[in-house]
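Let's take a walk through a protein model together. Have a look at the sequence and the picture, and then we will go through some parts one by one.

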Amino acid sequence: AHPAVTATLVVLLSLLGLAAAGKLLVVPVDGSHWLSMREVLDTLRQRGHEVVVVAPEISLHIKPSKNFVMKTYPVPFTQEDMDEDFHGFNKDIFEGGSFLTRVIRLYQRTKKTSALFLATCTHLVHNQELLRYLEESKFDVILTDPILPCGQILAEHLSVPSVYFLQQIPCGLEYQATQCPHPLSYVPRLFTKLTDRMTFIQRVKNVLYESLNFFLCDAVFQPYAELASELLQRDVTVPDLLSQAAIWLMKIDFVLHYPQPLMPNMILVGGLNCAHKKLNQ
């Protein structure tokens, strides 16, 4: 197996228990996030662990498999709505334009996409029949992608340890949640096209972009905090939720990403979704 896959499995198996097969609840995020996670699930199932995936009835890539049990729940949108949103998001990200134009376009698209994902999470935590099944199943650990905190809301509700599998979270919430240093002086923010060697003016631009991100993410993630507070019957914030993770499996490395500080429970598994075959000359 790929070294990154092996490292991931060692971490997960240590949480699931080495003496007997464990029960793993998976709350994934659709798209490419799911495609790299699925490979880990296949290997865990081959090693005897029971895997249950919770997903909406409408999705792009999350489909039934012989390697896991799939539990679905209804959502208030169609397949056409989902397809249009994902294609539009990809187009908006890679389309050119000035810095300000890209920020405004990304903000508008993020609002549309966030509404769709929030509806997905809301219908999950309000599905009483599914919640009862999850409560009675007595899972050992939850594996989720925290780019959307729905999985962690369930982890708190079920009082189950959580493992995160991610590349990054908008606005650097992973660094806020882990209290990991993420200095604006030399860590370029996403979509700024800056490097880790910035002039003073470029650093000002980096700070400005981070400030804009703060307002964007407050609008995107605050509804999840309200949803979590409603289910858990206490006031919580999204950084509070995310800070409860036992392990952060980060799909980054310092070959394609700029070096930056990490916390002890942040484990790099970059290259996990690379093909397992030899390259030709």
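Which element gives the largest share of the lining of the second largest pocket? Keep in mind as you look that this is a predicted model. The answer is helix α8, which contributes eight residues to that lining.

Let's stay with this pocket for a moment. Its space comes to about 320 Å³. The lining is made up of 15 residues, and the ones closest to the centre are Leu173, Gln176, Phe214, Cys217 and Pro239. If you sort the lining residues by class, you will find eight nonpolar, five polar and two charged ones.

Now turn to the strands. Seven of them form an open sheet with parallel pairing, and reading across it gives the order β3-β2-β1-β4-β5-β6-β7. At the edges you will find β3 (69-73) and β7 (266-268), each of which pairs on one side only. On average, neighbouring strands in this sheet are turned by 20 degrees against each other, ignoring direction.

Strands β4 (residues 141-144) and β5 (residues 162-166) run parallel and are joined by three bridges.

Last, look for helix α2 (residues 32-46). This helix lies across β1 (23-27), β2 (50-56), β4 and β5, and runs at about 170 degrees to β1.

Notes:
Residues numbered from 1 in each chain as written. Predicted model: local features only at pLDDT ≥ 70, side-chain atom pairs only at ≥ 80, totals over all residues. Heavy atoms only, no water. Pairing = 2+ DSSP bridges. Helix = DSSP H or I, 4+ residues; strand = E, 2+ residues; numbered from the N terminus. Axes fitted to C-alpha atoms, helices over the stretch in contact; angles between N-to-C directions. Contact = heavy atoms within 4.5 Å. 1 Å grid on protein atoms, 1.4 Å probe; cavity = no way out; pocket = protein on both sides within 12 Å on 5 of 7 lines; lining within 4 Å. Points joined across faces, edges and corners; volume = space filled by probe spheres on them. Nonpolar A, V, L, I, M, F, W, Y, C, P; charged D, E, K, R; others polar.
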